Structures are given as C-alpha cells and as structure tokens.
Amino acid sequence: MAEKKYVIAIDAGTTGVRTLVVDLKGKIVGLAYHENPLKFPGAGLCELDAQTMIDGMYETTRTAMDESGIDPNEIGGLSFTFMRSSFVMRKKDGTFVRDIIMWQDLRCQERFDWMTKVLADKGLTPEDYYQKTAFPLHSTTLPNGKIYWVKEHEPQVYEEAEVIHTIHALAANAYGVEGYIDDKEDIGWYGLHNGDTMEFDPELADIFGVNLEKYAGNQPAGTVIGYVTEEVAEKTGLVAGIPIVVGCGDHQCAAIGLGNNHEGLASLVMGTCGLLVGHSAKPIRDPSCSAWVLGTPMDGQYELECHSNAAASSFRWLRDAMYPEVFSLTMAGDSKVDVYDIMTSIAAKANVGSDGLIYLPWNAGANCPHYDAAARGGFLGFTFAHGRAEITRAVMEGVVYDIRDMWETELQAGLPPFEVLRLSGGAARSSLWCQIVADVLNVPVETTDNEEATALGAAMIATVGGGMYKDLQEAADNMVHVTGRYEPIPENVAIYDKLYKIFNNAYDALKEKTFPEINEYQGF
C-alpha cells in the first residue's frame, strides 16, 4: 500500500470553487480554481445553480491533480470548507427543487418583523433569542429568514424539499457520501439550535413552524463519513477509497489554517470582507448580542466571530474610483507590477492618521457590532492639503477602525486578552496594512506562509481524520508556518486611539437621522 503523503481540500467558496492538493508540511503541490456563475434575479437577490458548483468541484480536482503530478494512491484523506449560511433544497433522490439562495441575498429582511412577532407571542425578545442561539435574530447573512421567505412565497417548493442542507452536504454527497451530512459546528446558521450544545432545539422549531426532519443530519468535523467512489474517481483523477472527512465552514477553517486553536490567539481574514475570530474554551455570549458563536473543529470548543462588510472591497472600490489608469497598465500582458502594491506605496507617503482624514467604510452598510443596513460610507476631515496619498491611507485606516469595533466587541464578551493576531487575506501581503492593524489594535500581528489559510484548515482536518496526524495541534505544528511579525509602535497607537474615538463619534452622530435619510433617498 502506498504511503499517505497528501490530502485534498475542496474550498467551495462564494465566487468560485478551488481544489488544493496539500502535503503534510502544508505545501500546496496542486491548485485549480473555477468561477461560480452567480445569478442576480433581482435587486438584492443572489443565487447559484447547485449542479454548476458540483461540476466546478470535479473540474478543479482533476486539474489540480494533473498539476500536482502525484500518485493519487498517496492521498490519505479529502475534506471540505465552504461558504456558510447558504443553503440547498432538494429531494432525497438528489433532485434540486430550486437554486441555492446565497448568503449575500437580502430577501430575508421581509421576514424580520414576523420572526420578532412569533417570538414575542411566546414571551421572548430578540435578546432572549440571542442568549439561546448565540446568533443575532436580524442578520441578513443568516439563512433562516430566507428559508422562511421560501416557505411564505414558494410554498410548493418548500413542501417539495425533503432535505435542506448546507454546501458541506452538497460537496460530501458529490464525492461519494451516501445521503446528506452537514458538519455539526455549522448548524447554528439555521437559528434553530442551542448555542451551547450545538444541537437543534425543538422549541425554536415549533415557534417558527419548522419541520426539523427536513434538515440534514450532521457529524462533528474530522469524522470519516464515506469514501470516494469509482464514479467520482473517474471524473476527478482521484482513486476510489479515499476517506471523506467532515470539514467545516470557511472562517472556522481559516482560523485553524492560521493556527488559531486556543485562547489568547485571534485571527483576522481581510479579504472581500473582514472577519475576526477569537477562541473560547467555554460557551460565551457577547453582551451587545451582535457577535456569532460557533463550534470549533475537532475540540468541542467555541469561537466568537465578528464580521465587517468592508475590507479589501473598500480598497477595490478605491482602485476603480481613483486608480483606473494604473490598474489598466498593471493588467497589461507582461506587467509584473500589482496595482495594490502601487496604491500602498503611495499611501505610505502620508503621515500616520492621514492628517485627520477619516474614512467610514460602510459602503455596503454596517455589520457587527452595529447591524445597520442604512449606514453609508464617507470621508470626514477633508482639507485642501489632503491628496491621493492621504485618501488612500485613510481608506486603509478606516477599514481597520471598523475591525477595532469588532475587536472591542470580542473583548467585552469576556475572552482572555489577545496576545497576538494572525492575519490572512490580501492585506497580509502588505507590510503597511500589517503595521496599521498592529497599531490600531495595539497587538502584535503575525503572518504565515500560506495565503490559502481557509483551504489549509480543511487540509489539516483531512490529515487528522485520515490518521496522518493525531490532532489539530500536531497538524498545526507541522503545517502552519509563521513568516512575519509586526509589533505595535507606541506613538502610532496613541494617534490611532484619538482617531478611533472620532470614528465612533461619527457613527453615533449620523445613525439617527443622516444615514436613514440617505438610505431612503437612495431608494432603500
């Protein structure tokens, strides 16, 4: 029998799916990506054809295997990470009864008043709901309101759906698992569970009129639930018999892919959005009822998550608005220059704090801790002395002020003080971004050598489930490699403390009247 030297990680993300072939030291030896053809059937709506996603998984697995050149008999396990809070509705025979409703879809807002009312009819408030589930009731990210929308507006579809499951069960079934199995750590997104035990709660199901038998079963991350079939092997370049291991959601996997599996360490992914994760050994709640609490893979513990709508998306907006000619030049055929490197080099010319120019990064509304869909982006403090350098740096700083809001939220929930922050995403490639994060949060920032932290986390789960490492700590010791460290600079910390206070005061001044009036004027 061939020695097991590799694992497969399937990353079923929002904009696309990718397959990685990873060795036991965390090195990627094969990678392929396929873009998801997202559908936007109306304003605020976002859907995806499930079969198209499955086809993309197969295609990327075959391409990644070809690129790796490895013997597929040396693969010891296969696992998944995936976009959370999106859901699939199908019959038990596998027939899809409608397209996937994605996490960005906003149709759920229509059901928020109804959700509040049915709780009130039982004497429960949204705060009571949070204490029970550890999820805020009125988050547009969650799938529960969207499922209730289908129940209300597409009753025939809802009745036809014999199984409701996440993207995990979609992927696992596609690779050979019989039936539909989700990961236990992510059932909380349905808002029908006990946030301490991670078990479905029949009382909540009764309140919302939900038949829990429709929801897929679940198993803990790291559990072997099936094996790659001959049919799948033929489509993907794998071999039959590879163990299929229960994976976990994207940001839980990103946390462990950064080595964040114990208290005192936080991790931050600054990609399209920003997501901060703190680890807790015991059940925990945020006093402001805004942060999410989920299970962590393979240790029966918890993580507190805060999510912002703006991170790299703000920088991309700035690129398109202020640097279109630079972007065009860097996209030329033989250009070796990255537009974002040019932007950060220009930002570095500005003083720390951008001479008092403050960016409000709520171009897509404010998420945790405000959950204010009416909030809007803007700049405060403009003078004629501010130029492109200050504007660019102010955007970078404003994004991190928003992250600090989340940082303070996590600390007020009672987590032990964070000793270090591991940073991933596009921002981790920039020394300026890393230093700004260290200074605004006043914490050392570390980076690692693998930009695919999310998929690496799934690969680590596969190594443990497949028996190649005894636990996630051993996997992390071998597969997560710190390559950079940035210490906070005291004089910068003092400047950012003052500007962060102004940033918070600005939100308080605008939230009651100005933001709602702009929101209404814009037709929302």
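Begin by selecting Trp362, Tyr401, Tyr496, Tyr500, Phe503, Tyr507 and Phe515, which ring pairs link into a cluster; rings of Phe, Tyr and Trp (its six-membered ring) pair if their centres lie within 6.5 Å, and planes under 30 degrees apart count as stacked, over 60 as edge-to-face and the rest as tilted. The model on screen is predicted, so that local features need pLDDT of at least 70 and side-chain atom pairs count only at pLDDT 80 or more, while totals for chains, interfaces and linings use all residues. Residues are numbered from 1 along each chain as its sequence is written, and side-chain values use heavy atoms, with hydrogens and water left out.

Across the whole structure, a search finds 26 aromatic pairs. Select Tyr148 and Phe208 next, a stacked pair with 5.3 Å centre to centre and 15° between the planes. Tyr148 belongs to helix α4 (residues 144-153) and Phe208 to the loop between α7 (202-207) and β12 (217-219), so the pair ties together parts that are 60 residues apart in sequence; helices (H or I, at least four residues) and strands (E, at least two) are DSSP runs, numbered from the N terminus. Tyr148 is buried, with a relative accessible area of 3%, and Phe208 is also buried, at 2%, where buried means under 20% relative accessible area, exposed over 50% and partly exposed in between (1.4 Å probe, protein chains only).

Move on to Trp407 and Phe418, a tilted pair whose centres are 4.8 Å apart, with 55° between the planes. Here Trp407 lies in helix α13 and Phe418 in the loop between α13 and β21 (420-424), so that the pair ties together parts 11 residues apart in sequence. Trp407 is buried at 5% relative accessible area, and Phe418 is buried at 10%.

Now turn to the largest nonpolar core, which has 67 residues and in which Met270, Leu421 and Val437 touch the most other members; such a core is a set of buried Ala, Val, Leu, Ile, Met, Phe, Trp, Tyr and Cys residues joined through side-chain atoms within 4.5 Å. Helix α13 (residues 388-412) contributes the largest share of this core, 11 residues. Apart from it lies another core, of 41 residues, among them Ile75, Ile167, Val177 and Ile181.

Finally, select Lys214 with Tyr158, where the charged end of Lys214 sits over the ring of Tyr158, 4.8 Å from its centre; the criterion is NZ of Lys or CZ of Arg within 6 Å of the ring centre and within 35 degrees of the ring normal. The charged end of Arg388 likewise sits over the ring of Tyr323, 4.6 Å from its centre.
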